[in-house]
Amino acid sequence: MPDPAQMEAAVHEYLRALNAADLDAVLALFDADASVEDPVGSPPKRGHAEIRAFYATSLGMQLTLALEGQVRVAAKEAAFAFSVSLQHEGQQMVIRPIDVFRFNEAGKVVSMQAFFGPANIGAGS
């Protein structure tokens, strides 16, 4: 089982890498066969090529992420609430998702799900 401290460190590295627009560092957190469902209910992106394309598009929006509260770790999963500030169609907006990472034995993310809906998206300042 992955170490809880290792899983929490991966969450912090994920936020750091997204804030730095470091696509390679983001991708390095994921297993080669991982899936990303962002938001939940959208078609999952599978494997490094699709995940790279998804995050490349996201990083083009000049994101600013901030953890909101503690990272919760249980078994092979970590859940965390955070805010994402970005410009979209000329408007500043903030999204407040809760992401859930599932890890494999090697400590790589095998599944990422982002939980948010219209009530979690608002105008930013």
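Me: What share of the 125 residues in the protein chain is buried?

Reply: Buried residues make up 42% of them. This is a predicted model. A residue counts as buried when its relative accessible area is under 20%.

Me: Which share of the contacts between residues at least 6 apart in sequence joins residues at least 24 apart?

Reply: That share is 48%. A contact here means heavy atoms within 4.5 Å.

Me: Why is the pair of Phe-30 and Phe-101 called edge-to-face?

Reply: Two values decide. The ring centres are 6.3 Å apart, and pairing requires centres within 6.5 Å.

Me: How do you know whether Phe-30 and Phe-101 are buried or exposed?

Reply: Compare each with the 20% cut-off. Phe-30 has a relative accessible area of 2%, so it is buried. Phe-101 has 0%, so it is buried too.

Me: What kind of pair do the rings of Phe-101 and Phe-103 form?

Reply: Edge-to-face, because the centres are 6.1 Å apart and the planes stand at 70°. Phe-103 is itself buried, at 2% relative accessibility.

Me: How many aromatic pairs are there, and which residues do ring pairs link into a cluster?

Reply: A search of the whole structure finds nine pairs. Ring pairs link Tyr-14, Phe-30, Phe-54, Tyr-55, Phe-80, Phe-82, Phe-101 and Phe-103 into a cluster.

Me: How do you know that the span of α1 is close to the expected one?

Reply: Helix α1 covers residues 4-19, 16 residues in total. From first C-alpha to last, α1 reaches 23 Å. The expected value is 22 Å, at 1.5 Å a residue.

Me: What puts the buried residues of α1 on the same side?

Reply: The buried residues are Met-7, Ala-10, Val-11, Tyr-14, Leu-15, Ala-17 and Leu-18. They cover an arc of only 165° around the axis, which puts them on the same side of α1.

Me: What makes Asp-3 a cap for α1?

Reply: A side-chain oxygen of Asp-3 lies 3.0 Å from the backbone nitrogen of Ala-5. The limit for a polar contact is 3.5 Å. Asp-3 caps the N-terminal end of the helix. Just after α1, Ala-21 takes a positive phi of about 55°.

Me: Where is Pro-2, and why is this residue called buried?

Reply: Pro-2 sits in the segment before α1. Its relative accessible area is 3%, so it is buried. Pro-2 touches Met-7, Lys-76, Phe-103, Asn-104, Glu-105 and Gly-107, leaving out residues up to four places away in sequence. Pro-2 and Lys-108 are 106 residues apart in sequence, yet 8.7 Å apart C-alpha to C-alpha.

Me: What puts the buried residues of α3 on the same side, and what do they pack against?

Reply: Helix α3 spans residues 47-59. Its buried residues are Gly-47, Ile-51, Phe-54, Tyr-55, Ser-58 and Leu-59. They cover an arc of only 130°, which puts them on the same side of α3. On the other side, Ala-49 and Thr-57 are exposed. The buried residues pack against α1, α2 (23-28), β1, β2 (45-46) and β8 (109-115).

Me: Why does Met-93 count as buried?

Reply: Its relative accessibility is 18%, and the cut-off is under 20%. Therefore Met-93 is buried. Met-93 is found in strand β6 (residues 91-95). Its contacts include Val-84, Leu-86 and Ile-121. Met-93 and Ile-121 are 28 residues apart in sequence and 7.1 Å apart in space, C-alpha to C-alpha.

Definitions and conventions. Residues are numbered from 1 along each chain as its sequence is written. This is a predicted model: local features need pLDDT of at least 70, side-chain atom pairs count only at pLDDT 80 or more; totals for chains, interfaces and linings use all residues. Side-chain values use heavy atoms; hydrogens and water are left out. Rings of Phe, Tyr and Trp (its six-membered ring) pair if their centres lie within 6.5 Å; planes under 30 degrees apart count as stacked, over 60 as edge-to-face and the rest as tilted. Buried means under 20% relative accessible area, exposed over 50%, partly exposed in between (1.4 Å probe, protein chains only). Helices (H or I, at least four residues) and strands (E, at least two) are DSSP runs, numbered from the N terminus. The expected span of a helix is 1.5 Å times one less than its number of residues. The arc is that of the directions from the helix axis to the C-beta atoms. A polar contact is a pair of N or O atoms within 3.5 Å; within protein, one must be able to donate a hydrogen and the other to accept it, and residues adjacent in sequence count only if both atoms are side-chain atoms.
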